[in-house]
Each structure stands twice: as structure tokens, then as C-alpha cells.
Amino acid sequence: MGTDDPSGVTVLHGTPEMAPLSKVGGLADVTGSLPGALRRLGVDARVITPAWPGVAEKAGDLGARPLPGPEEVCVSLGGRRVCSRLRAVEVGGVPVYLLEEPDLFSNPAVYPENLDAGTALPFAFLSLAAVELALSGEWRPRVLHLHDWTTSLAAVALKYHRLYGASSVKPRTVLTIHNLAHQGVLPLSVLDDWGFGPGAFSLEGVEFYGRANLLKGGITSSDAIATVSPGYSREILTGEFSEGLEGVLRYRSDKVTGILNGLDTESWDPWRDPALPAHYRPSEMRGKKICRKALLDVCGWEGSPGPVIVSVGRLVRQKGMELVLGALDELADLGARLVVVGTGDRALEERFSAEARRKPGVLHFRGAFDDAFARLAYAGGDLFVMPSLFEPCGLSQMIAMRYGTVPVARAVGGLADTISDADAFPAGTGFLFEDPTPGALVEAVKRAMAHFREPRAWARLRGRCMEKDFSWAPSARAYRALYASLTDLS
Ligand code: GLC
């Protein structure tokens, strides 16, 4: 594969998940979109990612074109040399190096339930394979772009690994933090097993309260750190959002910048979405009514004047769905109905199922991954609720806005960066609340309902949501500038 970047910026993204090949969470959407957006700007961006079960088949289904490239990558893990087959393919215009080693990348769920030296090995391998490729491949990127704890070790290796740390020419490193809640904490002994020298054990390295914290190592060792929204980059310097890492983050704060994620505006387009019964766009909104009716039909509901409030997302503590459970009766009294789509935490799934059985006329719960239904919910809803306790960026609120569904969200992280309150600003696009309580959520819904009752004002508010630009181009430009600043190519 030759270099086609006129500006000379070349970057290899290391990631455990990349849509549409593999996907657990929002990280996959980012690594599935950002490299392509960078390439459109002339950056030679490529990706290295594991072929978890099903990934190779998916690549085949997508018609991934084979590319020339190394067929194997071997890394030095302590005394051992461990190898994986490597296959270079082009997916959606982006060169992707697939690590095809079924014994190592055997977990279809990608992330292990319990992290230990054994279950962390695929991620250590992925990190070192990215380094190996960057240092000795035919194509040598100037920047290694890492994502979350799972590839943080690559930055640490370039400093402290017995073999890789000694290289004379090294790529610069960027670490994007998508979520500080996951840090990859392991016994310190893994470092020795994986070939790291004494520097890695230090305060400047991976050591954190007597354990190895891989994300902390990424934060101390990377040349630049990005978070997925400017708001989150400020919040993580405070105790409430830092997950214990505020000291390290403050120490590195001059390296931290916030770059808002974009959205794949082709896949998420109500004018073209094949999952919808009717299409619409700001100048032609009739289709949205048809989608709303179709959503009500699926839920077994008759039409009524109250708003349909929708939530689509993982059912995990972060997303604050406890608040929705706590607000349910009051929302019902206000005449609202709720459609909740999501899977995750068992206990939360069960509570939503039980509430849906108790109040079938008010709550429809879909506890399964159902892309077509999720899309119908985005399109058919009036309001979109996102009461996250914290939200590094968040994708669902952007999708909802693009589908003309007005967000009601907590004023945190990327939510506060992408939504402006319609009662505070004439050009507002939603309703924000501060306190993580059901009462604060209900108050925000009440404010939204006051607007909802005024059809003309509501149509304008919805139109403003739909016209917001969430494309990847601005983020890709910001990352390109960051790469250029690190490689003296600016
Ligand atoms: C994580 C964060 C989410 C963010 C996504 C992509 O899933 O929780 O807020 O949008 O990563 O960066």
C-alpha cells in the first residue's frame, strides 16, 4: 500500500472495535467513521483491529477488497514472540489491517466480563502489534492514534518496552478517551510478562495505587490526549467525572483537548433511511407523521395528543435510565408515552420489562438489539430523553436531532456541547437539566411540553434540530491539525 497523503500526515488507528465490522459501543462508530473522514481530507489514515469471531465474514459480506501488505505480525511479549496472521483489506475506502488469530481473538463480545492477565492479552497484543507495524512495516505512520485503555499500552510501549522503547525513530501518539470509566486495571506483574522495563512501573508510567492501570499509562505516555467533546475535557479535571484520575489528568492538562465526535450522516438520514416507512427532511415533513403513526401501531397505541418520548441506548448506569423509571408515573400523568429501546444491565432490563407490563398503555420496552425498530423510534418520537449521569460525547442525541426528535437531556459532557436550551436561547435545540433526579427530568419534560403544545413554534424547533451540522468533517479537520502539530507539518 503506497502513501497517498499529499500533506505527509499518515496515521494508524488502533482499536478493538470498528463499525460495521464489529461494534459494542460508540467507539466503533467513531473508528468506523473518523478514518474515512480523515482520508477525505487527504490524510493517509488506516486502522488495525482484531478479527473477532464473525469479523472476517462481515468483511466478506461488505465486499472488502484485499490489499497488499504484510501477512503476519509478531510481537515481543516478554521472552515470547507471539504472531498473528494479518490481512489487509479495504473497507469503505479505508485500509484495515485485520489481526486474524482465532485463539487470541476468540471472544465474540470483544470485552471480557472479568479482566485479568489472560483476558487482557488480546488487547496487549493489539497494542504491541500496532507498534510493531508502525516501527517495522513497509508503511510507517507518523502518528499512532489510540483509543481508550485497550490500546493505551502502545504509547507506554514506545517509551518503556524493553524492545520497542529503544527504537530511534518512533511515531507520535494521540490517545482519544471515549470513556474514563473503563481503565484496564491489572496486577503489576503483567508488565514484566509483557516485556516492559522498570520505567513502566513508575508514577510516570502505568503504576496506579500498586496496580497497572493501562489508561493511566496512556495518559502519561501519549504526546496528545483528546476527549470526545470539549465539555468532557473540562469535566474530567474535576473529581465528579474523573473516575479517580483527576491528579494525572491535571498533571497532563496542557496535552488534553476536546474534539467533538461527528455522526455518519449518510447512514443516519431520515430522507433515505431504508428502515423507515416514510421519508422526510426539513422542507418536507409529512413522512415524520407517518413514522409516528407506525411507531404507535407497533406499540399497540391509539393516537393521542401527548408527546411520544423515546430513549435508545445501552441500559447501563452511565445512561441514567434510573431517572426515567423514577419519573414514569409523573410522565404518564402528564399524558406522555414512552418507548425505551436498549439492552445491557440485566436488573435494569427486568425493571423496564416489569414497568411495561404494569403500564402497557404508557411504556413500550424493547429489550433487544433491533436496529430497524431503533430507527423507527428515532423517527417516530416527539421527544428524545437522555438523562446520562455523565456523557463523554453521546451519539443518540445527535441522531435524534437529525430525525427531528427534540432532546431532553442532562447538561453534561457532549450533551451540553450539542444541545442548547430552547428556553434560554432563541436558536435552542432542546431542553437541558442539571440535577440527576427524576424531578429535574420531569420539569424539563414539562418545559418541552409547553413548546410541544404550540405547533408552529414546535415545527421551528424541530427544524433547527434537523439542520444542525453533525458531520465528521469538522472533527476530522481538528484531528488533522492535531497530528500536524505533533509532526511539525503544520
Ligand atoms: C463512549 C461514550 C460516549 C461516546 C462514545 C464515542 O461510548 O460513553 O459518550 O459518544 O464513547 O466516543
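Buried here means under 20% relative accessible area, exposed means over 50%, and partly exposed is anything in between (1.4 Å probe, protein chains only). This is a predicted model, in which local features need pLDDT of at least 70, side-chain atom pairs count only at pLDDT 80 or more, and totals for chains, interfaces and linings use all residues. Residues are numbered from 1 along each chain as its sequence is written, and side-chain values use heavy atoms, with hydrogens and water left out.

**View 1. G165 sits in the loop between α4 (148-160) and β8 (172-177).**
Helices (H or I, at least four residues) and strands (E, at least two) are DSSP runs, numbered from the N terminus. G165 counts as buried because its relative accessibility is 19%. Contact means heavy atoms within 4.5 Å; leaving out residues up to four places away in sequence, G165 touches A157, L158, K159, Y160 and K170. F196 is 31 residues from G165 along the chain, and 8.7 Å separate their C-alpha atoms.

**View 2. D148 and V110 each have a positive phi without being a glycine.**
For D148 the phi is about 60°, and this residue lies in helix α4. D148 counts as buried because its relative accessibility is 11%. For V110 the phi is about 70°, and its place is the loop between β6 (94-100) and α3 (117-136). V110 is also a buried residue, with a relative accessible area of 4%.

**View 3. A cis peptide bond joins A19 to P20.**
Omega is near 0° for this bond. To find P20, look in the loop between β1 (10-14) and α1 (26-40).

**View 4. Domain 1 meets domain 2.**
Domain 1 is made of 10-262 + 473-486, and domain 2 covers 286-467; these bounds come from an automatic or database domain assignment. Taken over C-alpha atoms, the domain centres are 33 Å apart. On the domain 1 side 17 residues take part in the contact, and on the domain 2 side 13 residues do. Buried area is the accessible area (1.4 Å probe) that two parts lose on being put together, summed over both. Between these two domains it comes to about 1,100 Å², with carbon and sulfur atoms giving 62%. Which residues of domain 1 lose the most area to domain 2? They are N179, F241 and L260, together 29% of what that side buries.

L263 counts as buried because its relative accessible area is 2%. Setting aside neighbours within four places in sequence, its contacts are W268, L395, M398, I399, R402, F470, S471 and W472. One of these, I399, is 136 residues from L263 in sequence, yet the C-alpha to C-alpha distance is 7.6 Å.

**View 5. The structure holds one cavity of 30 Å³ or more.**
The search runs on a 1 Å grid over the protein atoms alone: a cavity is a set of points where a 1.4 Å probe fits but cannot get out, a pocket is an open set with protein on both sides within 12 Å along at least five of seven lines, and lining residues have an atom within 4 Å of a point. Grid points are joined across faces, edges and corners, and a volume is the space filled by probe spheres set on the points. The largest cavity has a volume of about 90 Å³. It has 14 lining residues, and S311, V312, G313, K319 and M321 are the closest to its centre. By type, the lining has eight nonpolar, four polar and two charged residues. Here Ala, Val, Leu, Ile, Met, Phe, Trp, Tyr, Cys and Pro count as nonpolar, Asp, Glu, Lys and Arg as charged, and the others, Gly among them, as polar.

**View 6. The second largest pocket has a volume of about 330 Å³.**
Its lining takes in 13 residues, and K289, R292, D382, W458 and R462 lie nearest the centre. Helices α9 (286-299) and α16 (455-467) are the elements that give two or more residues to this lining. Sorted by type, the lining of this pocket has six nonpolar, one polar and six charged residues.
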